Amino acid sequence: MEKFTTHTGIGVPLRQSNVDTDQIIPAVFLKRITRTGFEDALFASWRKDESFILNREPFSHGSVLVAGPDFGTGSSREHAVWALKDYGFRVVLSSRFADIFRGNSGKQGLLAAVVAQDDIELIWKELENHPGTQITVDLTSKTVVCGNLVAPFEIDDYTRWRLLEGLDDIGLTLQHEGEIASYEGSRPSFKPTTLPARS
Amino acid sequence: MGRTLAEKVWDAHVVRKGEDGQPDLLYIDLHLVHEVTSPQAFEGLRLAGRPLRRPDLTIATEDHNTPTLDIDKPIADPTSRTQIETLRANCKEFGVRLHPLGDKEQGIVHVVGPQLGLTQPGLTIVCGDSHTSTHGAFGALAMGIGTSEVEHVMATQTLPLKPFKTMAVTVEGTLKPGVSSKDIILAVIAKIGTGGGQGYVLEYRGSAIRALSMEARMTICNMSIEAGARAGMVAPDQTTYDFMKGRPHAPEGADWDAAVAYWDTLHTDEDAVFDAEVFLDADELEPFVTWGTNPGQGVSLSQTVPDPDSFADENAKAAARRALEYMDLAAGTPMKDIRVDTVFLGSCTNSRLEDLRAAADVVRGRTKAENIRMLVVPGSARVRLEAEAEGLDKVFTEFGAEWRFAGCSMCLGMNPDQLAPGERCASTSNRNFEGRQGKGGRTHLVSPVVAAATAVRGTLSSPSDLDPLPTSSDAASPAAA
């Protein structure tokens, strides 16, 4: 995974709560078997509306999405994170993220930063009054800078560390192979196995 | 201090305790796989040259992309077909047991696990699907994961996880006739909101939960994610054991006894403390239905479409306005006046034999409203066979409904079963998001009996709204003529 320390890019105000992953990427795009190439699928239904924020300049070049509360609810599809990244987003700001979406973001190097709703409102106003305003997100100091506003954001320490170091989870876990094997040896015999198949 | 059910299952799976804010490393007992969220994970293993660590704790089925008609023919959509073929090739390469379309154990992954007896109390169960919470009905800690985590479990049979907070959802009392577990969970979500469960494992408890069948408990746990909770659980009891006994992968002999002795310990201790608590009075509950575009936007069926201005929060107001526009509904409209075009009985929420029986009991001997098309989609090939053995297929087809093959079907707009733009559906599924059942489609979430009654009347209805059927003595008696 690529390291993430700081990012500066155009902020995109998405004044909406409960943006579920079916909106971020409709199921019809989930038939693909690749992990990339989902930029066309991002917000596919909403992008058919000409007035949608990503169809307007300069927001179409945005890389910091600023959304309402409960972003990423619903389906566990990691494709939602892939689509945001493929489009060019590096950061999503919201006052509340769905658990699975936040986890998926952390695995893929997309920063899901929790910002207080009051600050989100101020950022929305700034972006709407001055379209094209760049937002700087600093993971080291856990701050967001937008115009004159400097706001703190929350992220759990472990995800932060992994993003800063660009570490791959599987590699980290496999360092504990001995402990996994030892746990496996102690599992009770009544626990089920899928093989051999019984019917 | 005592521990909650969720904490007990968690503690029993810690391979390595996280230090300094690091997550715990948890062992995963069962990994369920389907075609949509696995191809990139298998590819990741291949690229890294890693084996799949425990094929014997992994099982796959085909459900999201599969058609529910003409299942003996090749899948028409080439991208769907490719995804299914990719799963088959991956399962063969990595030695994973697969129940493909046409197999007698094929079906929705969350119906298949319990039916095979693989879903058991005290297990950790994961799947690249948010409705994995379903399996918590057995007292398992079961949660949906993303594809990176799918690959992680394939490679290591573990997951690094931060401990959850716990929330007790206590439902006391007795449900009225015509009120079901679906109404309980829709009411819970309306109460705590779509984000209310974020960061929590929910434990459903209280007399109303204890009185429920396993199927009904699965319906409730299934929709925990719709309240934002990654997992929901019910402590195992005799109902659980009765459901499991004799299933193909349930323990046998001495193993059964050892398992029950362990399962009996899986309940929240009396002195345990939950981080949050919610109460619901089952006596007061009525059939529940959604009016908006997230599962928290629901009311009792006897109520009206709410006025967006009645919400205190600005975001909720804006969301309600947008939802009413999308749903083409006016505030103040009685829910029971809303005409629907399609009724969908199916999905991992409500496609089990008990759901089909409940709906069949409502429509038996009645005629479908002319304006309605009704799809009945059993959750698995086995449910379909069992329903047919009881003659339920005939009840539905004589009523005028379509009797389909097993799969996710119209729940998610990914296979051929979809709503047309503007079409309105009473659906027993779990999500009423914009476009969820097909682009431009409008969804009202309901229970199986409300779905069935709606198909009779053509407008959102509960069984109590139906005219009584003539009794057999009326029909037979000349005096009645």
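Predicted model: local features only at pLDDT ≥ 70, side-chain atom pairs only at ≥ 80, totals over all residues.
**Entry 1: largest pocket**

I looked up the volume of the largest pocket and found about 780 Å³. I then took its lining, which has 32 residues, and asked for those closest to the centre: A:Asp99, A:Arg102, A:Asp156, A:Thr159 and B:Lys162.

Next I sorted the lining by element. In chain A, helix 3 (99-108), strand 4 (111-114) and helix 5 (157-165) each give at least two residues, as does strand 8 (158-161) of chain B. I noted that helix 3 of chain A has the largest share, with 6 residues.

By residue class, I recorded 12 charged, 11 nonpolar and 9 polar residues in this lining.

**Entry 2: second largest pocket**

For the second largest pocket I read a volume of about 660 Å³. Its lining has 30 residues, and I listed A:Met1, A:Arg35, A:Lys107, A:Gln108 and B:Ser148 as the closest to the centre.

Sorted by element, two or more lining residues come from each of strand 1 (6-14), helix 3 and helix 6 (169-174) in chain A, and from each of helix 2 (39-48) and helix 5 (147-156) in chain B. Here I found the largest share, 5 residues, in helix 2 of chain B.

**Entry 3: cross-check**

I went back to helix 3 of chain A. It supplies 6 residues to the lining of the largest pocket, and it is also among the elements that give two or more residues to the lining of the second largest pocket.

Note on methods. Residues numbered from 1 in each chain as written. Chains lettered and ligands numbered in written order. Heavy atoms only, no water. 1 Å grid on protein atoms, 1.4 Å probe; cavity = no way out; pocket = protein on both sides within 12 Å on 5 of 7 lines; lining within 4 Å. Points joined across faces, edges and corners; volume = space filled by probe spheres on them. Helix = DSSP H or I, 4+ residues; strand = E, 2+ residues; numbered from the N terminus. Nonpolar A, V, L, I, M, F, W, Y, C, P; charged D, E, K, R; others polar.
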